[in-house]
Amino acid sequence: MQSSLLSLPQQPAPEPMQYAAPEPLPTASYASSTVELGDLKRILVRRRFLIIATAALLTLGALLYGLFTPALYSSVSEILIDPQDLQVVTNDVNPSRVPPDGGITMVESQVSVVQSTGVLLKAIEATNLTEDPEFNGQGGLLSRLLGGGGSAETDRTGKTLDALRRRLAVKRADKVLVLDVIVTAKSADKAAKLANAIAQAYLADQASARAKMATDASDSITARLDEQRKRVQQAENAVEAYKSAHNMVMAAGNLVSDQELTELNTQLSAAQSRTAALKAQVDQLRRSGGAPDATSEAMRSSVISSLRAQEATLVDQVSQLGTELGPRHPSMIAAQQQLRDTRALIARELGRIGAAAETDYERALANQQALEAKVAGMKSKSLDTDQASVRLRELQRDLEAVRSVYATYLQRAQETREQINVDSTNARIISQAMPALKKSWPPLPLLLFGALFGGLGLGTALALIAEYSSPTVLSSAQMQSAIDAPVFGVLPVKSGSGRRWWPFGGAAAAAGQKTDAVAGLALRRLFASSRRPPNWPLVPSVLLTSPPEDAAHRGRVARLLANAAAARGSRVLFIDTNNASGGKKEPQPGLLDVLRGEYAFEAVSQRTAGSNVAVLGRGRQTAVFSEAQGVYFTQHMLAQAGRNFDLVVVDGGALADNLNASPLVAMVDEIVMVATLNSTPMADVTAASQAISVMGRLPTGALLVDEAA
């Protein structure tokens, strides 16, 4: 279209035409979208410099730390602890009992014992560690500045103890009863020496602790011995005093009266037995009728037996003499006389035996009666003694109990006194600490590795924090959720990198194939679901807006859409609401002049040579116009443009700052928001959408620009 400056006389705004902006159809409701996994790549690419810088700083710091930090060496001494102590004596002060958990808890408690102040002080004393500047705190600037509140010796010992605790680690591996004593120092020899000294100090401390326990137990028991000895003396005195008071004489542990009674009872029993035997003998003699020769006593008498033998001999002699010599022979008479004498002797002996039996019986009976009288007297006396013996036995039981306790105390005191010099601890050093061949700190490769990956992780976290503190458009779904309208396409930028985006027309300015295809598809999608009523008299139109920071991309996208439509044979009117047409110092008539009714748009539009695109600039902002006037002339302009153009593309600028575009917003068919992925803040998108809402419309769609594509 030829540019002409045909001017229309300025006139007041006429009554609005019967055309009204098309009512927006209900749009799909898009669910709110948060950052998805696919958006993470965009965030990391965009914030890559922050991530790389964080990782580089941490790695550099770790490298400097590793290079300038003094090397430390660690040595390990291993101690085996058996929960079951050595059984040296039966009654040990420290009984050996294995807990139900196998001694794990007991060994775990030894970890704290190894790190206790007593053990460490012994190790410090053994190695003279208080004179070592590495541990006594005298070599540090901070310690010299702060100073100490106590004496110099106490302060040095305390600092040495604290420093050794920081350099000491005591660990127990799982399911074993071995303690690892690990000491770290600037010298490998010093670390090994300290580890061995602590292990030795631990064993000495255990032996000393057990000896002290035995000493305390022995002292406690010995202190009780005097009291127990006094109690024994008091009990013995009470027994003796009671016996003296009741005339109770003891012999061989028993009362003399009891012993006498026992003896009398024994004698009485023997006397009764003898009396009964003699009585039976007498009764037998009496029953024999005065012929005691058949009694057992006569049979047992040697005299009787001799006389009986002599009698038998004489009888044989008399019988022989009577046969040989006759009764009158002197030998016969003499033999007979001897026989008679022998028999008389036997009779007299039997009589004597009978008389002796009677005499023995009477004597035994008299003895029995005498013993019975004595026993009766002793029994009467014993009854009185038994009443006193009840209390005596009670006193004796108390005496025996006190004596038993005293004997136990005395024996236990001797045993515990001997245990003082016996070490029953079942712990030993199974591995002496050796000087380390490699330094344990700083582990430079590990530090660099950890710093690198830690820096990447920290940088990623900072990038995400920065992104969430100031969120940007990350995806089409997020944009759709923000404006509640579809995204028609994502336009790449890299295809046109290396040169500026094209002006209108010219083969050299053609967009890349991919960009052109996306723009054409976006136009097709833009008008596929057209809200235009049938027989709508105004030319199809689309207005592009964006936040202020996306002005360059918005202008390029608007020109891209105009060129894409022109390349497909459509006649396009491109309206630029941002810059004065012609780029001259003095603004040329343009859109603002048309909206004020001063010019017809045919007079101020300029057609690009070799292109189907006509351009209408911003115009002169010499005077303001009312909104009703602007809407009227906008309707008139779009109605007239329908005769010569197939599409009107409007670069509406940032609507929050460009209020002159409000008449166009009211009358165009489509309002498309342009934003840049990973660059446009969501707050600005929301502000731009609110600005469109204030002007009475809603965004109908969006186009995104991907700088990384």
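Phe 633 has a relative accessibility of 7%, so it counts as buried. The cut-off for that label is under 20%. The model is predicted.

**Aromatic pairs**

How many aromatic pairs does the structure hold? There are three. One of them joins Tyr 65 and Trp 441. Their ring centres lie 6.3 Å apart, and the planes make an angle of 70°. That geometry is edge-to-face. Tyr 65 is partly exposed at 37%, and so is Trp 441 at 34%.

Another pair is formed by Tyr 632 and Phe 633.

| Residue | Relative accessibility | Class |
|---|---|---|
| Tyr 65 | 37% | partly exposed |
| Trp 441 | 34% | partly exposed |

Arg 167 lies over the face of Phe 135, at 5.4 Å from the ring centre.

Four strands make an open sheet in the order 2-3-1-6. Their pairing is antiparallel. Strand 2 (168-172) and strand 6 are the edges, and each pairs on one side only. From one strand to the next, the twist averages 30°.

Inside the sheet, strand 1 (residues 73-81) runs antiparallel to strand 3 (residues 178-185) over eight bridges. Which residue of strand 3 is the bridge partner of Val 76? It is Ile 182. Helix 8 (residues 188-245) packs on this sheet. Helix 8 touches strand 1, strand 2, strand 3 and strand 6. The helix direction makes about 20° with that of strand 1.

**Helix 13**

Helix 13 covers residues 444-469, 26 residues in total. At 1.5 Å a residue, it should span 38 Å. The end C-alpha atoms are 35 Å apart, which agrees.

Which residues of helix 13 are buried? They are Leu 447, Ala 451, Gly 455, Gly 459, Ala 463 and Glu 467. An α-helix has 3.6 residues a turn, so residues three or four places apart point the same way.

Terms used
Residues are numbered from 1 along each chain as its sequence is written. This is a predicted model: local features need pLDDT of at least 70, side-chain atom pairs count only at pLDDT 80 or more; totals for chains, interfaces and linings use all residues. Side-chain values use heavy atoms; hydrogens and water are left out. Helices (H or I, at least four residues) and strands (E, at least two) are DSSP runs, numbered from the N terminus. The expected span of a helix is 1.5 Å times one less than its number of residues. Buried means under 20% relative accessible area, exposed over 50%, partly exposed in between (1.4 Å probe, protein chains only). Rings of Phe, Tyr and Trp (its six-membered ring) pair if their centres lie within 6.5 Å; planes under 30 degrees apart count as stacked, over 60 as edge-to-face and the rest as tilted. A charge sits over a ring if NZ of Lys or CZ of Arg is within 6 Å of the ring centre and within 35 degrees of the ring normal. Two strands pair if DSSP finds at least two bridges between them. Axes are lines fitted to C-alpha atoms, for helices over the stretch in contact, and angles run from 0 to 180 degrees between N-to-C directions. Contact means heavy atoms within 4.5 Å.
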